[in-house]
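Welcome, and please open the model in your viewer. Keep the selection tool at hand, as each stop begins with something to pick.

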Amino acid sequence: MRRPGRRRTRVESPPLERMVSVITRLGNGGSERRLLDVLDAMPEVEHIILVGEGSSSSRVATLAQDHEVHVLESLVRSVDPIRDLRAFTELHRRFRSRPVDAVFTHQSKAGLLGRIAGRIAGVERIYHSASGANFGPGFGRIESTAFRIAERTTAPLVDSYFAVGEDLAARLRRNGISARRIEIVRSSLDLDAYRDTTAADRARARAEFDLDPEAAVVCVVGRLDNGKGALHVVDAIERIQALVPHRQVRALVAGEGPHSAIIEQQLASDPELQDAVTLLGHTDRVAAVMQASDLILLLSTAEGLPQVLVQAAAANLPFVAYAVDGTQELLAMGAPGTTVAVGDQPALEEAAAAALRSPGSPRTRLLPDASRPAIDLSGWDPAEVRHRYRTILEPGGPSRSSPGGTSLDTSPRDQRSPH
């Protein structure tokens with residue numbers, strides 16, 4: 001068995017025939033989309049998928065229609081030494097009892113346990129999908145330090161990190177991970193429904209949601225949990241209303257999650273605010289929500305690259321957000337928006353209010369104009385994402401022993417300091 005972390009002498013690996021994907025919790029977020037991207041990119045490979053406790057039963061059932069799926073009750077998101085040891089032991093046992101060509105991990109806990117168990121079991125190739133980092137701004141000092149050390153220490157066990165964006169890749173490099181191990185691969189998005197929003201589309205969407213044509217409309221789109229700042233949504237909207245006293249401010253909140261009931265209770269205690277905020281729950285009308293809005297508000301304090309802001313960029317919808325990973329990258333690409341320091345909610349609210357104070361919509365000037373080039377979002381095209389994965393995972397793709405092969409852009413912009 002090859003010693004963990006030791007470099008191979010050959011450059012090209014044999015074709016993949018069987019691969020195990022491990023994800024801490026299967027739900028409806030970006031990590032799940034990236035898992036599906038890998039499965040779609042390699043249809044000829046036999047895929048075995050291991051998911052942790054707390055995964056969506058409906059998502060597991062859907063995935064099991066086409067692939068072999070197993071739920072590991074010991075694999076949980078929280079730090080639990082006893083269950084973590086059990087999860088590691090179970091992963092190692094599975095890797096040893098049924099040889100596989102590669103292990104592809106998603107999310108931090110599965111990533112750390114999977115790479116160690118895989119190397120000890122002698123798995124030839126280990127890959128990790130980086131949708132975000134569990135260290136840096138937005139995380140507690142102790143938690144951030146622990147994950148930073150764990151990631152840096154175990155990084156040599158990983159052949160390639162698949163980072164969702166350049167800001168995240170830069171964060172990984174600052175933590176000591178070699179640029180040669182990092183590949184930029186986006187999460188696939190079908191953006192056709194968001195592009196080329198017209199004034200007529202805007203009017204039609206406002207009518208659909210019973211919104212005054214002259215109202216200032218803010219939307220919040222995403223899972224209603226701590227990571228997305230859900231507990232601050234109502235306070236932020238109320239404060240924005242106070243900062244824009246001469247305009248009617250309405251809000252559309254699209255999403256559901258563990259804090260949905262709390263938000264409903266907060267609104268129930270203020271009938272006036274309840275009238276101004278529409279809770280849509282989980283909806284497939286996100287494109288219409290963005291068409292009806294003047295601004296999208298992102299309250300996340302940690303991200304890899306917010307996919308909802310990619311959708312907003314396609315719709316020419318300005319954003320106001322904390323300066324989390326991915327926001328500066330999108331601004332540099334030409335997306336309309338404003339960022340403030342992570343956690344500075346008063347500054348976030350003032351930035352949103354400033355965009356809404358003027359009569360009319362702040363996005364009016366962003367409606368399609370043949371003289372203005374559209375932002376290039378081709379990297380998120382599903383076909384391009386599949387191509388990127390195949391290029392890297394097929395024989396001849398980069399491995400730890402090859403001198404190059406990574407497509408990571410190491411231009412001066414990519415080396416910038418965090419915002």
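This is a predicted model: local features need pLDDT of at least 70, side-chain atom pairs count only at pLDDT 80 or more; totals for chains, interfaces and linings use all residues.

Residues are numbered from 1 along each chain as its sequence is written, and side-chain values use heavy atoms, leaving out hydrogens and water.

**Stop one: α1 and α15**

Select residues 30–41, helix α1, together with residues 382–393, helix α15. Helices here are DSSP runs of H or I with at least four residues, strands are runs of E with at least two, and both are numbered from the N terminus. The axes of α1 and α15 come within 9 Å and cross at roughly 70°. That makes α1 roughly perpendicular to α15 (65 to 115 degrees counts as roughly perpendicular). Axes are lines fitted to C-alpha atoms, for helices over the stretch in contact, and angles run from 0 to 180 degrees between N-to-C directions.

Now show the side chains. On the α1 side you will find Arg34, Asp37, Val38, Asp40 and Ala41, which meet Val385, Arg386, Tyr389 and Arg390 of α15; contact means heavy atoms within 4.5 Å. Sorted by class, this contact has four nonpolar, no polar and five charged residues. Nonpolar covers Ala, Val, Leu, Ile, Met, Phe, Trp, Tyr, Cys and Pro, charged covers Asp, Glu, Lys and Arg, and the others, Gly among them, are polar.

**Stop two: α4 and α5**

Next, pick helix α4 (residues 108–120) and helix α5 (residues 141–154). Their axes are 11 Å apart, and the helices pack at an angle of about 35°. Ser108, Leu112, Arg115 and Ile116 of α4 make the contact with Phe147, Ala150, Glu151 and Thr154 of α5. By class, there are four nonpolar, two polar and two charged residues in this contact.

While you are in α5, select Arg148. Leaving aside neighbours within four places in sequence, Arg148 is in contact with Phe135, Gly136 and Asn175.

**Stop three: the aromatic rings**

How many aromatic pairs does a search of the whole structure find? The search finds five. Rings of Phe, Tyr and Trp (its six-membered ring) pair if their centres lie within 6.5 Å; planes under 30 degrees apart count as stacked, over 60 as edge-to-face and the rest as tilted.

Select Phe104 and Tyr127, a tilted pair at 5.7 Å centre to centre with 45° between the planes. Phe104 belongs to strand β4 (residues 102–106) and Tyr127 to strand β5 (residues 125–130). Phe162 lies in strand β6 (residues 160–163), so its pair with Tyr127 ties together parts that are 35 residues apart in sequence. Tyr127 and Phe162 are both buried.

**Stop four: Val60**

Finally, go to Val60 in helix α2 (residues 57–64). Val60 is buried, with a relative accessible area of 15%. Setting aside neighbours within four places in sequence, Val60 is in contact with Leu26, Val51, Ser55, Val69 and Val71.

Note on methods. Angles under 35 degrees count as roughly parallel, over 145 as roughly antiparallel, 65 to 115 as roughly perpendicular and the rest as oblique. Buried means under 20% relative accessible area, exposed over 50%, partly exposed in between (1.4 Å probe, protein chains only).
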